[in-house]
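Have the viewer open as you read.

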Amino acid sequence: MQVLISQGVRGARTARGVVVVIDVFNASTTAITALAQGATSVLAVSDIAQAKALKNEHAEWLFVGEKTNRDTLESIFDVHNSSYDLLHYGDKKIAGNMVVLSTLSGTRVMAEAVNNPECDSVLTCGFSNLKATVQQLRNLGADVVTLVPVGGPDGEYAPEDSVCAMYLKNELEGFPNVIDALTHFLEGSESAGRFWGDKAQNNEADFYTGISLDSVPFAVALETDGADMARMKKLEE
């Protein structure tokens with residue numbers, strides 16, 4: 001098995017073989033959380049306009065998005081892109097419902113990957129379902145695997161995504177990993193700033209959910225659902 005790493009939107013466009021999109025904080029982890037809570041599937045949309053159109057047609061679905069501004073969040077999205085907020089939202093049920101997820105980075109990369117004809121199949125992964133993803137990749141018997149750490153909206157480096165990609169690569173290739181050292185590193189990273197202090201964008205519980213290794217026992221597959229959308233579903237454990 002040849003394991004490649006290719007960053008962001010450009011990486012998704014040039015990826016080949018079996019592709020794994022990695023967005024630890026927070027798109028992959030939020031989607032995995034929704035599926036673990038019984039969502040029928042998670043629809044990743046690449047821009048807010050798509051989310052708004054879907055909201056007009058399916059107001060009963062649960063809409064999850066980024067806090068780009070308060071008006072946008074409240075007019076379109078029910079919940080912020082946060083596992084913590086998702087688990088503590090009580091107005092709509094997650095179990096048995098469709099979840100629509102729109103983010104600034106992760107869902108764009110997911111949509112690019114599923115619409116790349118060179119990709120044989122696409123998964124999404126965080127630390128929370130890493131072991132299950134490793135097993136799924138081995139079951140598929142892929143000759144080439146491309147790991148796509150999402151990074152920021154403009155393709156900038158995000159340590160949590162790149163570290164997760166390297167951890168996954170090591171697992172596939174039989175090299176040792178030390179999660180405690182990675183946790184300590186990520187706690188001091190620039191990305192962690194969104195979870196603590198006056199400028200926090202997320203509850204700190206989201207940080208620890210994101211780095212909780214193998215807390216979920218299933219892999220997640222992505223399939224195309226139109227030119228700019230990807231549907232995520234839980235694979236059998």
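## Ground rules

Buried means under 20% relative accessible area, exposed means over 50%, and partly exposed is anything in between, using a 1.4 Å probe and protein chains only. Helices (H or I, at least four residues) and strands (E, at least two) are DSSP runs, numbered from the N terminus.

This is a predicted model, where local features need pLDDT of at least 70 and side-chain atom pairs count only at pLDDT 80 or more, while totals for chains, interfaces and linings use all residues. Residues are numbered from 1 along each chain as its sequence is written, and side-chain values use heavy atoms, with hydrogens and water left out.

## Helix H2, wrapped up

Start with H2: it is largely enclosed by the rest of the structure, because 9 of its 10 residues are buried. Those buried residues are Ala27, Ser28, Thr29, Thr30, Ala31, Ile32, Thr33, Ala34 and Leu35. After the helix comes Gly38, with a positive phi near 100°.

## Two nonpolar cores

A nonpolar core here is a set of buried Ala, Val, Leu, Ile, Met, Phe, Trp, Tyr and Cys residues joined through side-chain atoms within 4.5 Å. The largest one has 34 residues, and the members that touch the most others are Val19, Val21, Val42, Met110, Val122 and Met232. H2 supplies the largest share of this core, with 5 residues. Apart from it lies another core of 30 residues, including Val24, Phe25, Phe127 and Ala142.

What does Val122 touch, leaving aside its neighbours within four places in sequence? With contact meaning heavy atoms within 4.5 Å, the list for Val122 is Val19, Val21, Ala113, Val114, Val220, Ala221 and Leu222.

## Rings around Phe207

There are 8 aromatic pairs in the structure. Rings of Phe, Tyr and Trp (its six-membered ring) pair if their centres lie within 6.5 Å; planes under 30 degrees apart count as stacked, over 60 as edge-to-face, and the rest as tilted. Phe25 and Phe207 make a tilted pair, 5.5 Å centre to centre with 35° between the planes. That pair links distant parts of the chain, 182 residues apart: Phe25 sits in the loop between E2 and H2, and Phe207 in helix H10.

Phe195 and Phe207 pair up edge-to-face, at 5.6 Å centre to centre and 65° between the planes. Here the partners are 12 residues apart, with Phe195 in the loop between helix H9 (179-187) and H10. Phe207 is buried at a relative accessible area of 0%, and Phe195 is buried too, at 3%. Ring pairs join Phe25, Phe195, Trp196, Phe207 and Tyr208 into a cluster.

## The largest pocket

For anyone thinking in grids: on a 1 Å grid over the protein atoms alone, a pocket is an open set of points where a 1.4 Å probe fits, with protein on both sides within 12 Å along at least five of seven lines, and lining residues have an atom within 4 Å of a point. The largest pocket holds about 620 Å³ of space, the volume being the space filled by probe spheres set on the points, which are joined across faces, edges and corners. It is lined by 29 residues, and the closest to its centre are Phe25, Gly152, Pro153, Arg194 and Gln201.

The lining splits into 8 nonpolar, 12 polar and 9 charged residues. In that count Ala, Val, Leu, Ile, Met, Phe, Trp, Tyr, Cys and Pro are nonpolar, Asp, Glu, Lys and Arg are charged, and the others, Gly among them, are polar. H8 gives the most to the lining, with 3 residues. Asn170 is found in that helix, which spans residues 159-173. Asn170 is buried at 16% relative accessible area and touches Phe175, Pro176 and Asn177, not counting residues up to four places away in sequence.

Which peptide bond is cis, with omega near 10°? The one from Phe25 to Asn26. Asn26 lies in the loop between strand E2 (17-22) and helix H2 (27-36).

Asp214 has a positive phi near 60°, in a residue other than glycine. Asp214 sits in the loop between helix H10 (204-210) and strand E9 (220-224) and counts as partly exposed, at 33% relative accessibility.
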